[in-house]
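Let's work through some ring contacts in a predicted model. Grab the viewer and try each exercise before reading its solution.

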Amino acid sequence: MKMTELQMRLIKENLKVLTSKDCFYKEKFKDIDVEAIQTQEDFEKLPFTWKGDLREAYPLGLQAVPDEEIVRIHSSSGTTGTPVIIPYTQKDVDDWAKMFARCYEMAGITALDRIHITPGYGLWTAGIGFQLGAERLGAMTIPMGPGNTDKQLRMMQDMKSTVLCATSSYALLLAEEIAKRGLTDKIYLKKGVIGSERWGDKMRKRIAAELGVQLYDIYGLTEVYGPGIAMSCDYECGMHYWDDYVYFEIVDPKTGKNVPDGEIGELVITTLRKQGAPLIRYRTHDLTRFVLGDCPCGSRFPRIDTLIGRTDDMVKVKGVNIFPSQIEEMLKDVPEASSEYQFMLDHLNGKDVCTLFVEINTGVEKSQAEKAVQQAFKEKIGITVLVKPVSIGELPRSEKKSTRIFDNRY
(Lines give C-alpha, C1' and ligand atoms only; values in the text may rest on other atoms or scores of the structure.)
Protein backbone atom coordinates (compact mmCIF):
# COMPACT_ATOMS: atom_id res chain seq x y z
CA MET A 1 0.00 0.00 0.00
CA LYS A 2 1.76 3.10 -1.26
CA MET A 3 1.16 6.54 0.18
CA THR A 4 -0.55 8.74 -2.42
CA GLU A 5 0.67 12.20 -3.41
CA LEU A 6 -2.39 13.74 -1.73
CA GLN A 7 -1.74 11.85 1.51
CA MET A 8 1.95 12.86 1.52
CA ARG A 9 1.05 16.51 0.91
CA LEU A 10 -1.57 16.57 3.69
CA ILE A 11 0.78 14.82 6.14
CA LYS A 12 3.63 17.29 5.42
CA GLU A 13 1.26 20.25 5.88
CA ASN A 14 -0.04 18.75 9.11
CA LEU A 15 3.44 18.14 10.54
CA LYS A 16 4.51 21.68 9.70
CA VAL A 17 1.46 23.18 11.45
CA LEU A 18 1.61 20.87 14.48
CA THR A 19 5.27 21.56 15.22
CA SER A 20 4.89 25.34 14.86
CA LYS A 21 2.38 25.84 17.67
CA ASP A 22 2.24 24.95 21.35
CA CYS A 23 0.53 21.55 21.36
CA PHE A 24 1.15 17.88 22.04
CA TYR A 25 3.13 17.17 18.83
CA LYS A 26 5.46 20.16 19.15
CA GLU A 27 6.80 18.55 22.32
CA LYS A 28 6.67 14.96 20.98
CA PHE A 29 8.60 15.84 17.78
CA LYS A 30 10.93 18.45 19.28
CA ASP A 31 14.05 16.46 18.27
CA ILE A 32 12.80 15.63 14.76
CA ASP A 33 13.35 17.68 11.62
CA VAL A 34 9.89 17.34 10.09
CA GLU A 35 11.01 19.33 7.01
CA ALA A 36 13.22 16.33 6.14
CA ILE A 37 10.19 14.02 5.85
CA GLN A 38 9.71 13.74 2.08
CA THR A 39 8.84 10.07 1.46
CA GLN A 40 6.72 7.25 2.88
CA GLU A 41 9.92 5.66 4.23
CA ASP A 42 10.80 8.91 6.06
CA PHE A 43 7.30 9.05 7.53
CA GLU A 44 7.52 5.45 8.78
CA LYS A 45 10.49 6.43 10.95
CA LEU A 46 8.36 8.81 13.03
CA PRO A 47 7.53 7.55 16.54
CA PHE A 48 4.11 6.06 17.22
CA THR A 49 1.43 7.74 19.28
CA TRP A 50 0.04 5.51 22.04
CA LYS A 51 -3.09 5.53 24.18
CA GLY A 52 -0.79 6.32 27.11
CA ASP A 53 0.29 9.55 25.36
CA LEU A 54 -3.35 10.57 25.02
CA ARG A 55 -4.08 9.84 28.68
CA GLU A 56 -1.06 11.88 29.77
CA ALA A 57 -2.43 14.78 27.70
CA TYR A 58 -5.65 14.83 29.80
CA PRO A 59 -7.73 16.94 29.75
CA LEU A 60 -7.03 19.09 26.67
CA GLY A 61 -3.35 18.58 25.90
CA LEU A 62 -4.21 17.18 22.44
CA GLN A 63 -5.99 20.37 21.42
CA ALA A 64 -4.23 21.88 18.40
CA VAL A 65 -6.39 24.98 17.77
CA PRO A 66 -7.55 27.93 19.93
CA ASP A 67 -10.48 27.45 22.33
CA GLU A 68 -12.85 29.52 20.20
CA GLU A 69 -12.55 26.98 17.37
CA ILE A 70 -13.57 23.99 19.51
CA VAL A 71 -17.31 23.21 19.33
CA ARG A 72 -17.44 19.82 21.07
CA ILE A 73 -15.51 17.17 22.98
CA HIS A 74 -15.90 13.40 23.05
CA SER A 75 -14.31 10.83 25.32
CA SER A 76 -13.32 7.20 24.79
CA SER A 77 -15.66 4.56 26.21
CA GLY A 78 -12.88 2.78 28.11
CA THR A 79 -13.69 2.09 31.76
CA THR A 80 -10.14 1.95 33.12
CA GLY A 81 -7.53 4.63 33.67
CA THR A 82 -7.62 8.32 32.85
CA PRO A 83 -10.14 9.06 30.08
CA VAL A 84 -9.03 10.35 26.69
CA ILE A 85 -10.62 13.67 25.70
CA ILE A 86 -10.83 14.49 21.99
CA PRO A 87 -11.77 18.06 20.99
CA TYR A 88 -13.54 18.73 17.65
CA THR A 89 -13.79 21.84 15.47
CA GLN A 90 -16.87 22.50 13.33
CA LYS A 91 -14.92 21.24 10.31
CA ASP A 92 -14.10 18.01 12.18
CA VAL A 93 -17.81 17.49 12.91
CA ASP A 94 -18.73 18.22 9.27
CA ASP A 95 -16.01 15.90 7.92
CA TRP A 96 -17.19 13.13 10.24
CA ALA A 97 -20.76 13.56 8.98
CA LYS A 98 -19.53 13.35 5.35
CA MET A 99 -17.62 10.13 6.05
CA PHE A 100 -20.57 8.62 7.89
CA ALA A 101 -22.95 9.49 5.05
CA ARG A 102 -20.54 7.67 2.72
CA CYS A 103 -20.84 4.62 4.98
CA TYR A 104 -24.62 4.61 4.65
CA GLU A 105 -24.33 5.07 0.88
CA MET A 106 -21.87 2.15 0.72
CA ALA A 107 -24.66 -0.01 2.20
CA GLY A 108 -27.24 1.28 -0.28
CA ILE A 109 -29.05 3.27 2.43
CA THR A 110 -30.86 6.37 1.09
CA ALA A 111 -32.87 9.40 2.22
CA LEU A 112 -36.00 7.22 2.04
CA ASP A 113 -34.77 4.94 4.83
CA ARG A 114 -35.71 5.27 8.49
CA ILE A 115 -32.63 4.76 10.63
CA HIS A 116 -33.11 3.31 14.14
CA ILE A 117 -30.11 4.28 16.29
CA THR A 118 -29.45 2.27 19.47
CA PRO A 119 -25.80 3.10 20.41
CA GLY A 120 -25.39 5.56 23.29
CA TYR A 121 -25.31 9.34 23.01
CA GLY A 122 -23.29 11.73 25.17
CA LEU A 123 -19.52 11.66 25.63
CA TRP A 124 -19.31 8.41 23.64
CA THR A 125 -18.99 9.05 19.89
CA ALA A 126 -21.36 6.35 18.68
CA GLY A 127 -24.98 7.55 18.76
CA ILE A 128 -24.32 11.08 17.61
CA GLY A 129 -22.09 9.85 14.77
CA PHE A 130 -24.85 7.59 13.41
CA GLN A 131 -27.22 10.56 13.74
CA LEU A 132 -24.93 13.08 11.98
CA GLY A 133 -24.39 10.77 9.03
CA ALA A 134 -28.09 9.99 8.67
CA GLU A 135 -29.01 13.68 8.76
CA ARG A 136 -26.32 14.46 6.20
CA LEU A 137 -27.81 11.71 4.01
CA GLY A 138 -31.28 13.20 4.49
CA ALA A 139 -32.79 10.11 6.11
CA MET A 140 -35.27 10.11 9.01
CA THR A 141 -33.46 9.26 12.25
CA ILE A 142 -35.02 7.54 15.25
CA PRO A 143 -32.53 8.41 18.03
CA MET A 144 -33.37 5.74 20.61
CA GLY A 145 -30.05 5.19 22.35
CA PRO A 146 -29.56 1.94 24.31
CA GLY A 147 -31.91 0.07 26.62
CA ASN A 148 -35.69 -0.17 27.17
CA THR A 149 -36.22 -3.06 24.77
CA ASP A 150 -40.03 -2.77 24.97
CA LYS A 151 -39.88 0.81 23.71
CA GLN A 152 -37.28 -0.08 21.06
CA LEU A 153 -39.56 -2.75 19.58
CA ARG A 154 -42.65 -0.53 19.78
CA MET A 155 -40.92 2.32 17.93
CA MET A 156 -39.38 -0.10 15.44
CA GLN A 157 -42.88 -1.27 14.51
CA ASP A 158 -44.72 2.07 14.67
CA MET A 159 -42.02 4.07 12.84
CA LYS A 160 -41.42 1.24 10.34
CA SER A 161 -37.65 1.45 10.85
CA THR A 162 -35.75 0.04 7.86
CA VAL A 163 -32.17 0.24 9.19
CA LEU A 164 -30.92 -0.87 12.61
CA CYS A 165 -27.69 0.64 13.98
CA ALA A 166 -26.33 -1.30 16.97
CA THR A 167 -23.48 -3.20 18.55
CA SER A 168 -23.55 -6.87 17.59
CA SER A 169 -24.48 -7.82 21.18
CA TYR A 170 -27.52 -5.54 21.25
CA ALA A 171 -28.55 -6.53 17.71
CA LEU A 172 -28.57 -10.15 18.88
CA LEU A 173 -30.62 -9.27 21.97
CA LEU A 174 -33.21 -7.44 19.82
CA ALA A 175 -33.28 -10.25 17.25
CA GLU A 176 -33.94 -12.82 19.99
CA GLU A 177 -36.69 -10.67 21.51
CA ILE A 178 -38.37 -10.15 18.13
CA ALA A 179 -38.39 -13.92 17.53
CA LYS A 180 -39.55 -14.68 21.10
CA ARG A 181 -42.47 -12.21 20.89
CA GLY A 182 -43.52 -13.34 17.42
CA LEU A 183 -42.94 -9.89 15.91
CA THR A 184 -40.98 -10.97 12.84
CA ASP A 185 -43.85 -10.14 10.45
CA LYS A 186 -44.37 -6.72 12.06
CA ILE A 187 -40.78 -5.52 11.59
CA TYR A 188 -39.73 -3.62 8.45
CA LEU A 189 -35.94 -3.82 8.86
CA LYS A 190 -33.90 -4.43 5.70
CA LYS A 191 -30.34 -3.61 6.78
CA GLY A 192 -28.24 -3.61 9.93
CA VAL A 193 -25.16 -1.42 10.50
CA ILE A 194 -23.13 -3.07 13.24
CA GLY A 195 -20.07 -1.65 14.98
CA SER A 196 -17.93 -1.27 18.11
CA GLU A 197 -16.87 -4.88 18.67
CA ARG A 198 -15.68 -7.84 16.63
CA TRP A 199 -18.21 -10.62 16.03
CA GLY A 200 -17.96 -14.09 14.56
CA ASP A 201 -19.55 -15.55 11.46
CA LYS A 202 -21.98 -17.66 13.50
CA MET A 203 -23.30 -14.62 15.38
CA ARG A 204 -23.60 -12.68 12.10
CA LYS A 205 -25.68 -15.46 10.52
CA ARG A 206 -27.98 -15.68 13.55
CA ILE A 207 -28.68 -11.93 13.60
CA ALA A 208 -29.17 -11.76 9.82
CA ALA A 209 -31.52 -14.77 9.81
CA GLU A 210 -33.62 -13.73 12.82
CA LEU A 211 -33.99 -10.10 11.68
CA GLY A 212 -34.19 -10.92 7.97
CA VAL A 213 -31.62 -8.22 7.12
CA GLN A 214 -28.31 -7.76 5.32
CA LEU A 215 -25.58 -6.78 7.78
CA TYR A 216 -22.73 -4.29 7.30
CA ASP A 217 -19.62 -3.77 9.45
CA ILE A 218 -18.76 -0.20 10.38
CA TYR A 219 -15.42 0.76 11.94
CA GLY A 220 -14.06 3.68 13.89
CA LEU A 221 -12.69 4.80 17.23
CA THR A 222 -13.22 7.88 19.37
CA GLU A 223 -9.62 9.02 18.98
CA VAL A 224 -10.12 9.18 15.18
CA TYR A 225 -13.53 10.91 14.78
CA GLY A 226 -15.60 7.88 15.93
CA PRO A 227 -17.43 5.18 13.95
CA GLY A 228 -17.66 5.95 10.24
CA ILE A 229 -14.09 5.84 8.92
CA ALA A 230 -14.59 2.42 7.26
CA MET A 231 -17.56 0.37 6.08
CA SER A 232 -18.23 -2.97 4.40
CA CYS A 233 -20.15 -3.17 1.12
CA ASP A 234 -22.73 -5.63 -0.27
CA TYR A 235 -20.01 -8.15 -1.07
CA GLU A 236 -18.86 -8.56 2.58
CA CYS A 237 -15.18 -8.78 1.64
CA GLY A 238 -13.58 -6.32 4.03
CA MET A 239 -14.26 -2.67 4.89
CA HIS A 240 -13.56 0.26 2.57
CA TYR A 241 -11.80 3.11 4.37
CA TRP A 242 -11.80 6.79 3.43
CA ASP A 243 -8.17 7.29 2.45
CA ASP A 244 -8.71 10.99 1.71
CA TYR A 245 -9.30 11.54 5.46
CA VAL A 246 -7.19 8.81 7.13
CA TYR A 247 -3.90 7.09 6.29
CA PHE A 248 -3.66 3.44 7.36
CA GLU A 249 -0.56 1.35 8.08
CA ILE A 250 -0.40 -2.23 9.36
CA VAL A 251 2.58 -3.05 11.57
CA ASP A 252 3.97 -6.01 13.46
CA PRO A 253 2.71 -5.46 17.06
CA LYS A 254 6.08 -6.56 18.49
CA THR A 255 8.59 -4.86 16.20
CA GLY A 256 6.53 -1.89 15.02
CA LYS A 257 7.74 -2.50 11.44
CA ASN A 258 5.26 -2.39 8.56
CA VAL A 259 4.20 -5.91 7.53
CA PRO A 260 3.94 -7.05 3.88
CA ASP A 261 0.60 -6.19 2.25
CA GLY A 262 -2.02 -8.83 3.01
CA GLU A 263 -0.41 -9.99 6.27
CA ILE A 264 -2.13 -9.57 9.64
CA GLY A 265 -0.85 -6.89 11.99
CA GLU A 266 -1.87 -3.92 14.14
CA LEU A 267 -3.69 -1.04 12.46
CA VAL A 268 -1.95 2.35 12.80
CA ILE A 269 -3.90 5.47 11.80
CA THR A 270 -2.81 8.99 10.85
CA THR A 271 -5.49 11.66 10.42
CA LEU A 272 -5.07 13.79 7.29
CA ARG A 273 -7.56 16.63 7.80
CA LYS A 274 -8.43 16.65 11.51
CA GLN A 275 -8.03 20.03 13.22
CA GLY A 276 -9.07 19.75 16.87
CA ALA A 277 -6.86 16.78 17.78
CA PRO A 278 -4.84 15.43 14.83
CA LEU A 279 -3.09 12.10 15.36
CA ILE A 280 0.17 10.91 13.80
CA ARG A 281 0.82 7.14 13.63
CA TYR A 282 -1.70 6.21 16.32
CA ARG A 283 -1.54 2.55 17.39
CA THR A 284 -5.12 1.28 17.62
CA HIS A 285 -4.41 -2.24 19.03
CA ASP A 286 -6.87 -3.52 16.38
CA LEU A 287 -5.64 -6.51 14.37
CA THR A 288 -6.48 -6.64 10.66
CA ARG A 289 -4.85 -6.80 7.22
CA PHE A 290 -5.07 -4.98 3.92
CA VAL A 291 -7.39 -6.68 1.42
CA LEU A 292 -5.64 -6.44 -1.93
CA GLY A 293 -7.08 -6.08 -5.43
CA ASP A 294 -10.25 -4.47 -6.74
CA CYS A 295 -13.55 -4.96 -4.91
CA PRO A 296 -16.47 -6.37 -6.94
CA CYS A 297 -18.55 -3.37 -5.77
CA GLY A 298 -16.38 -1.08 -7.94
CA SER A 299 -15.44 1.36 -5.14
CA ARG A 300 -12.04 3.00 -5.57
CA PHE A 301 -11.53 3.14 -1.79
CA PRO A 302 -9.01 0.59 -0.39
CA ARG A 303 -10.02 -2.10 2.10
CA ILE A 304 -9.00 -3.62 5.39
CA ASP A 305 -10.36 -6.95 6.62
CA THR A 306 -13.02 -7.10 9.30
CA LEU A 307 -11.27 -7.00 12.67
CA ILE A 308 -9.58 -10.20 13.79
CA GLY A 309 -9.22 -9.06 17.40
CA ARG A 310 -7.11 -6.73 19.51
CA THR A 311 -3.54 -7.07 20.67
CA ASP A 312 -4.78 -6.47 24.23
CA ASP A 313 -7.52 -9.16 23.88
CA MET A 314 -4.94 -11.91 23.63
CA VAL A 315 -4.37 -14.26 26.57
CA LYS A 316 -1.52 -16.74 26.95
CA VAL A 317 -2.47 -20.14 28.37
CA LYS A 318 -0.02 -23.04 28.73
CA GLY A 319 2.28 -21.36 26.20
CA VAL A 320 -0.52 -20.88 23.63
CA ASN A 321 -1.68 -17.41 22.49
CA ILE A 322 -5.50 -17.29 22.29
CA PHE A 323 -7.61 -14.58 20.65
CA PRO A 324 -11.45 -14.33 20.75
CA SER A 325 -11.43 -14.72 16.95
CA GLN A 326 -9.93 -18.22 17.30
CA ILE A 327 -12.70 -19.32 19.68
CA GLU A 328 -15.36 -17.91 17.32
CA GLU A 329 -13.74 -19.65 14.34
CA MET A 330 -13.66 -22.94 16.27
CA LEU A 331 -17.34 -22.66 17.33
CA LYS A 332 -18.37 -21.90 13.75
CA ASP A 333 -17.56 -25.50 12.79
CA VAL A 334 -19.32 -27.11 15.76
CA PRO A 335 -22.98 -27.67 14.75
CA GLU A 336 -24.05 -28.29 18.36
CA ALA A 337 -22.82 -24.82 19.50
CA SER A 338 -24.47 -21.43 19.09
CA SER A 339 -22.52 -18.17 18.77
CA GLU A 340 -22.34 -16.96 22.40
CA TYR A 341 -19.57 -17.96 24.80
CA GLN A 342 -17.49 -16.82 27.78
CA PHE A 343 -13.92 -18.01 28.37
CA MET A 344 -12.84 -18.00 32.04
CA LEU A 345 -9.21 -18.32 33.13
CA ASP A 346 -8.30 -19.13 36.72
CA HIS A 347 -5.11 -20.22 38.49
CA LEU A 348 -5.76 -23.02 40.99
CA ASN A 349 -3.26 -25.22 42.84
CA GLY A 350 -0.39 -23.92 40.71
CA LYS A 351 -2.12 -24.61 37.37
CA ASP A 352 -4.08 -22.59 34.84
CA VAL A 353 -7.69 -23.77 34.59
CA CYS A 354 -9.71 -22.83 31.49
CA THR A 355 -13.50 -22.99 31.43
CA LEU A 356 -15.55 -22.31 28.31
CA PHE A 357 -19.23 -21.52 28.88
CA VAL A 358 -21.01 -21.93 25.56
CA GLU A 359 -24.65 -21.66 24.50
CA ILE A 360 -25.82 -24.75 22.63
CA ASN A 361 -28.54 -25.08 20.03
CA THR A 362 -32.05 -26.19 21.02
CA GLY A 363 -32.56 -29.94 21.09
CA VAL A 364 -28.88 -30.81 21.52
CA GLU A 365 -27.83 -33.07 24.42
CA LYS A 366 -25.49 -31.19 26.78
CA SER A 367 -23.11 -34.14 27.09
CA GLN A 368 -22.89 -34.42 23.29
CA ALA A 369 -22.21 -30.68 22.93
CA GLU A 370 -19.61 -30.75 25.73
CA LYS A 371 -17.68 -33.51 24.02
CA ALA A 372 -17.87 -31.90 20.55
CA VAL A 373 -16.73 -28.45 21.75
CA GLN A 374 -13.94 -29.87 23.92
CA GLN A 375 -12.60 -31.93 21.02
CA ALA A 376 -12.76 -28.98 18.57
CA PHE A 377 -10.99 -26.69 21.07
CA LYS A 378 -8.17 -29.21 21.56
CA GLU A 379 -7.78 -29.82 17.79
CA LYS A 380 -7.95 -26.20 16.61
CA ILE A 381 -6.52 -24.18 19.50
CA GLY A 382 -4.29 -26.77 21.11
CA ILE A 383 -5.30 -26.93 24.76
CA THR A 384 -7.84 -28.87 26.84
CA VAL A 385 -10.62 -26.83 28.43
CA LEU A 386 -13.55 -27.56 30.73
CA VAL A 387 -16.70 -27.02 28.66
CA LYS A 388 -19.92 -25.92 30.39
CA PRO A 389 -22.84 -26.04 27.93
CA VAL A 390 -25.77 -23.70 28.71
CA SER A 391 -29.09 -22.99 26.98
CA ILE A 392 -29.51 -20.15 24.47
CA GLY A 393 -30.09 -16.87 26.31
CA GLU A 394 -28.36 -17.92 29.55
CA LEU A 395 -25.19 -15.88 28.94
CA PRO A 396 -25.62 -12.12 29.40
CA ARG A 397 -26.52 -9.84 26.48
CA SER A 398 -25.16 -6.31 26.46
CA GLU A 399 -26.32 -2.98 25.04
CA LYS A 400 -22.67 -2.05 24.61
CA LYS A 401 -19.61 -4.20 24.03
CA SER A 402 -19.65 -7.76 25.37
CA THR A 403 -16.72 -9.07 27.40
CA ARG A 404 -15.97 -12.63 26.32
CA ILE A 405 -12.61 -13.43 27.95
CA PHE A 406 -12.19 -13.11 31.72
CA ASP A 407 -8.65 -13.59 33.00
CA ASN A 408 -8.84 -14.01 36.78
CA ARG A 409 -5.29 -15.32 37.19
CA TYR A 410 -3.54 -12.12 38.27
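**Exercise 1.** Find which residues make up one aromatic cluster with F24.

*Solution.* Look at Y25 and F29: together with F24, they form one aromatic cluster.

**Exercise 2.** Work out how many aromatic pairs the model has, then classify the one between F43 and Y247.

*Solution.* Counting ring centres that lie within 6.5 Å, you get 10 aromatic pairs. For F43 and Y247, the centres are 5.8 Å apart and the planes make an angle of 75°. Angles over 60 degrees count as edge-to-face, so that's the label for this pair. Last, check burial, where the cut-off is under 20% relative accessible area. F43 comes out at 0%, so it's buried, and Y247 at 5% is buried too.

**Exercise 3.** Now do the F100 and Y104 pair: what is its geometry, and are the rings buried or exposed?

*Solution.* Start with the numbers: 5.4 Å centre to centre and 40° between the planes, which makes the pair tilted. Both residues sit in helix α5 (residues 90-106), and because they are four residues apart, about one helical turn separates them. As for burial, F100 has 0% relative accessibility and counts as buried; Y104, at 1%, is buried as well.

**Exercise 4.** Find the rings that have the charged ends of K274 and R300 sitting over them.

*Solution.* Take K274 to begin with: its charged end sits over the ring of Y88, 4.6 Å from the ring centre. For R300, the ring belongs to F301, with the charged end 4.1 Å from its centre.

Notes: Residues numbered from 1 in each chain as written. Predicted model: local features only at pLDDT ≥ 70, side-chain atom pairs only at ≥ 80, totals over all residues. Heavy atoms only, no water. Phe/Tyr/Trp six-rings, centres within 6.5 Å; stacked < 30°, edge-to-face > 60°. Buried < 20%, exposed > 50% of the residue type's maximum accessible area, 1.4 Å probe, protein only. Helix = DSSP H or I, 4+ residues; strand = E, 2+ residues; numbered from the N terminus. Lys NZ or Arg CZ within 6 Å of the ring centre and 35° of its normal.
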